[in-house]
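Let's walk through this structure together, starting with its pockets and ending with a pair of packed helices.

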Amino acid sequence: MLLQKGNIGKGIAQPVQRRGVPSALRHAPLANKVATPAVAPQGLLRPILSERGSPALLKRQRALDVVVRAAETEQEAENAGTVVPGDGWESFPPPPYEPSEQVLDLWQQADAVCFDVDRTVTTDASVGLLAKFMGIEDEAQSLMEQANRGEINLTKAFEDRLAKLNFTPTDIDRFLEEHPAHTRLVPGVENLIAALKARGVEVFLISGGFREMALPIASHLKIPAKNVFCNTMSWQLDDHGEPVRLQGLDMTRAAESHFKSRAIERIRRKYPYNNIIMVGDGFSDLEAMQGSPDGADAFICFGGVMQRPAVASQADWFVRSYDELMAKLKRYKVTMVGSGAWACTAVRMVAQSTAEAAQLPGSVFEKEVTMWVHEEKHSGRNLIEYINENHENPIYLPGIDLGENVKATSDLIEAVRGADALIFCAPHQFMHGICKQLAAARVVGRGVKAISLTKGMRVRAEGPQLISQMVSRILGIDCSVLMGANIAGDIAKEELSEAVIAYANRESGSLWQQLFQRPYFAINLLADVPGAEMCGTLKNIVAVGAGIGDGLGVGPNSKASILRQGLSEMRKFCKFISPSVRDDTFFESCGVADLIASSYGGRNRRVAEAWAQKRIAGDDQVTFEKLEKEMLNGQKLQAVLTSDEVQEILHARGWELEFPSFTTINRIIHGEVPPTMILRYRVACSMPSMPPARRVVNDYY
């Protein structure tokens, strides 16, 4: 029985060990191993038994036929002429040794990069290496020379002798053992591919060679088999369904006109890629861009092994070392906007990540991290000078080293200018002004990525606006959010903590995960920005209720009731505002975990507890604003302002009775009902109340 001809680019099943199968074939598509009748149509495959001659001679001739036919796919490139540097270039226009601005942008914004294999990823041509392995190197070279002179027709020769091929699985395994993947790689290609993958760029191999020889290369480079587009070998099966002898080759795909551009067309149909780059050394690689409107967006000619002037002169960019491509990869300059306790803790994690990344080839991030700091004095000195000299913020995070690669500045515009990754961690009441200032200065480019660590929202007549929405709308950039059970002091001590990064763009989420994830700080990705962000905002209100309960001295049952009702109202409010919010979001770190951490250890709970104790003791003059100044050492209390903003929405939409806990907490804050009513929130919410206004209890507006 014969195996049916394989298809290029099919997905693979899980690897299955099968006795007698070449190791490369154990990872090949199972669909390629469907039995077909033993007798092939006339003019194509003919029975092996019809051949005459000695076994050794036949095997030599059959191997030669494989080499000849595969080499035909590269004949056009060979006819273009291969030269050493300085030989023959005068006949062609000079190649582009530097990329244009447009080509550089395509390279840095690539969604996928497709590599040819022979003389691009590997230092050899697999066909030539196979010829040498089978002992027919001289004959193969002679045939290629005859073909180049037009003396023979390789297609006819292949058809006449195709039935004589006699490779066995053992031959393939032996070839791969004698030529392991890592010994064949072009210097620098492994680091380049790793750097591309670290940036979320998908990598493909597209070659006229054999899949069986390309798969080990792909495996070593951690490129999935589904991303390999090559010719396949068809094998004769024994009675047990095991391959025993090579019957023929599926060369139809590589023999197609513009084969590589067709492969890229199929990639585009399957994946929503905007920018695809082709890297190779031959005409077939150039045609990957020129052969179809849906082919590659740019062609980079690699001349590190062979240089073909006719190809290089038509390329968008000509390089002779992968170091040239590595040097032009995008590296993200990171800026932190904010300098409070949480901002300093976050910038410390970021600085650790960028410092580590800078030691690796193809680092995704620049080592230095800029932090915008609101100018203050500390012990008679400018805070910024102190931070830059001592790498510590003595006001908001004393005793914690931020990292020597953190540079503080008081100039917001200069801090953001040139940044590729913006982290916003300023009090939410200041965020609108910050965004407006940046927009007016026009220092934020369209390709900049942002993430918000700020918890809060802006109330407008047309409805609430989350901070991520504000950033995206005013600055016109993508904005993810990081939310979770994040008590700054504990994380700064590198205690085990976690958070979620919620994203609208998966690539952005992965980039931020690389930046924030530390051995002590786990990051989960979540495709629910509004859900995660509203959880991080609303839990501060519940934390105030928990603190009031602690100030009253309530037991665990009562506190659990306050938290459960608070979580229920968080979910309901999120669903009312944004019905697409996912239920599982509330079980992530941004949901129940953040609620628990804030209700037991956060500053909102701590200040609310002190406030309730003073009110119970008869101090009617105590305010949250006063306690904020006394207890938080310059940090801002977010919960009171958030409670007012949420209550304004509830009142405007007639939802106050739908959210009895939120409503009661707000009324307690403003003295409309006593603190003890936190335990009677279902009653307190129905008491007559003045419309929520921006009261003197805080002057954050």
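By class, Ala, Val, Leu, Ile, Met, Phe, Trp, Tyr, Cys and Pro count as nonpolar, Asp, Glu, Lys and Arg as charged, and the others, Gly among them, as polar. This is a predicted model, where local features need pLDDT of at least 70, side-chain atom pairs count only at pLDDT 80 or more, and totals for chains, interfaces and linings use all residues. Residues are numbered from 1 along each chain as its sequence is written, and side-chain values use heavy atoms, with hydrogens and water left out.

The largest pocket holds about 1100 Å³ of space. Its lining counts 45 residues, and Gly340, Ala341, Trp342, Arg603 and Gln635 are nearest the centre. The lining comprises 17 nonpolar, 17 polar and eleven charged residues. Helix H25 gives the largest share, four residues; helices here are DSSP runs (H or I, at least four residues), numbered from the N terminus. Because domain 2 (332-527) and domain 3 (534-685) both contribute to the lining, the largest pocket lies between them.

Next comes the second largest pocket, with about 580 Å³ of space. Among its 26 lining residues, Gln109, Ala110, Asp111, Lys449 and Glu507 are closest to the centre. Helix H3 (101-108) and helix H21 (506-516) each give two or more residues to this lining. Sorted by class, the lining has ten nonpolar, eight polar and eight charged residues. Since domain 1 (90-328) and domain 2 (332-527) both supply lining residues, the second largest pocket lies between them.

Finally, look at helix H22 (residues 529-552) and helix H27 (residues 639-653), which pack at about 110 degrees with axes 9 Å apart. H22 and H27 are therefore roughly perpendicular, a term for angles of 65 to 115 degrees. Their contact (heavy atoms within 4.5 Å) includes Leu538 and Ile541 of H22 and Thr642 and Val646 of H27.

Methods: Axes fitted to C-alpha atoms, helices over the stretch in contact; angles between N-to-C directions. Parallel < 35°, antiparallel > 145°, perpendicular 65-115°, else oblique. 1 Å grid on protein atoms, 1.4 Å probe; cavity = no way out; pocket = protein on both sides within 12 Å on 5 of 7 lines; lining within 4 Å. Points joined across faces, edges and corners; volume = space filled by probe spheres on them. Domains from an automatic or database assignment.
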